[in-house]
Amino acid sequence: MAQPLLISSEIYRRSTYGPKHPLAIPRVSTTLDLIRALGWLPPAQYRDSPMASVAELTRFHDADYIAALQRAEDRQAIPPEDRERYRIGADGNPVYREVFRRPATSAGGVLLAARMGGIVHVPGGGTHHGQRARASGFCYVNDAVLGVMEWLDQGLTRILYLDIDAHHGDGVEMAFAEEPRVTTLSIHEAGRWPFTGACHAAPHALNLPVPPGFNDSEMRALLHGIVLPLIAQLRPQAIMLQCGADALEEDPLAKLSLSNNAHAGFIAAVMHAAPRFILLGGGGYNPWTVARCWARGWAVLNNHPVPARLPAAAEAVLRGLTFHRAAGRNPPEHWFTTLADAPREGPIRPEVAALLAQGLEAVA
């Protein structure tokens, strides 16, 4: 079997949404630095992400919207009519230096992954809120939708999109609501923005909104009780997993309580369930927990043992981070020295048991 590939770009290293934005933090570049410091990324397993062309982007997105994104980057400003129509420069979707090139690069990476086949990690991908003609939820281009469309163009008829970000993967579900070849499943925090994703099992969309404090035991129950039976029933030809790290307990924008063991276990359980598997990044707004989670995901894909204590070079990457939210004022030592979190087990609460029962009925 071919080795897993990692697709990324240096565009993320110096790119920021602005000093007060949740995406002011370095996520993809820190993940890559951490993986390299651990000796886990030989040149043969790395591909530089191309930038998606306008023609590729408009396979899903409205051409006028993409043109507005390009204008916003060129001018570093947005006229009121474009702001109102496309929500660029509004709702937490700022105009910043690479406002077109960065999302186009994320999309190019996911498209390349879909064309390559096998197991591919694209940590810069996962912008699951992007709408056809509107920026939404810090997402300007929906790279996940474009990657799934590439699989459809290849003639695949059984595609499964999984999403464990704290926020509902609304853009992907909406894009394929009428597409029977694509099934979407989202596990996300109930009652959180974008306030979609109520529990339901539409013909090809299963939503599992979980309560605050959602723990490792509860995630494992949903994985084994719903996700894996769905995979067995569907027998997908391709699986895409959006692995947002904002469901981790230390994230400032959600109230779930997972450890990164939950993400690692989820990846391990589904990565060989189809001939094609793409692992995306997504949400995550604490630089230490995001980088540790996504680097650990790469370890799972490659079956690398995770050291109990990080080597000095990897520790230096994590100690070099700064974070201007409350969690950054006194970060615990294990954020610098470990990759694997302590487990966060707990009871299967009634809200999750109810989801389990409804989900089992949906995949029966």
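This is a predicted model: local features need pLDDT of at least 70, side-chain atom pairs count only at pLDDT 80 or more; totals for chains, interfaces and linings use all residues.
View 1. The lining of the second largest pocket is made up of eight nonpolar, three polar and two charged residues. P19, H21, A24, I25 and H324 are the closest to the pocket centre, out of 13 lining residues.

**View 2. The largest pocket.** This pocket holds about 420 Å³ of space. Its lining has 32 residues, and L23, G137, F138, C139 and Y285 lie closest to the centre. Sorted by class, the lining of the largest pocket comprises 14 nonpolar, twelve polar and six charged residues. Helix α5 (residues 101-116) contributes the most to this lining, with three residues.

**View 3. Strand β4 and its side chains.** In a regular strand, side chains alternate between the two faces of the sheet. In β4, I159, Y161 and D163 point one way, while L160 and L162 point the other way. Strand β4 (residues 159-163) is largely enclosed by the rest of the structure, because five of its five residues are buried, that is, under 20% relative accessible area.

**View 4. Strands β4 and β5.** Five bridges join β4 to strand β5 (residues 182-189), and the pairing is parallel. Opposite I159 stands V182 of β5. Between β4 and β5 the chain passes through helix α7 (residues 170-175), giving a right-handed β-α-β crossover.

**View 5. Strands β4 and β8.** β4 also pairs with strand β8 (residues 238-242), in the parallel sense and over five bridges. Here Y161 is opposite M240 in β8.

Methods
Residues are numbered from 1 along each chain as its sequence is written. Side-chain values use heavy atoms; hydrogens and water are left out. On a 1 Å grid over the protein atoms alone, a cavity is a set of points where a 1.4 Å probe fits but cannot get out, and a pocket is an open set with protein on both sides within 12 Å along at least five of seven lines; lining residues have an atom within 4 Å of a point. Grid points are joined across faces, edges and corners, and a volume is the space filled by probe spheres set on the points. Helices (H or I, at least four residues) and strands (E, at least two) are DSSP runs, numbered from the N terminus. Ala, Val, Leu, Ile, Met, Phe, Trp, Tyr, Cys and Pro count as nonpolar, Asp, Glu, Lys and Arg as charged, and the others, Gly among them, as polar. Buried means under 20% relative accessible area, exposed over 50%, partly exposed in between (1.4 Å probe, protein chains only). Two strands pair if DSSP finds at least two bridges between them. A crossover is right-handed if, with the strands pointing away from the viewer, the path from the first strand over the helix to the second runs clockwise.
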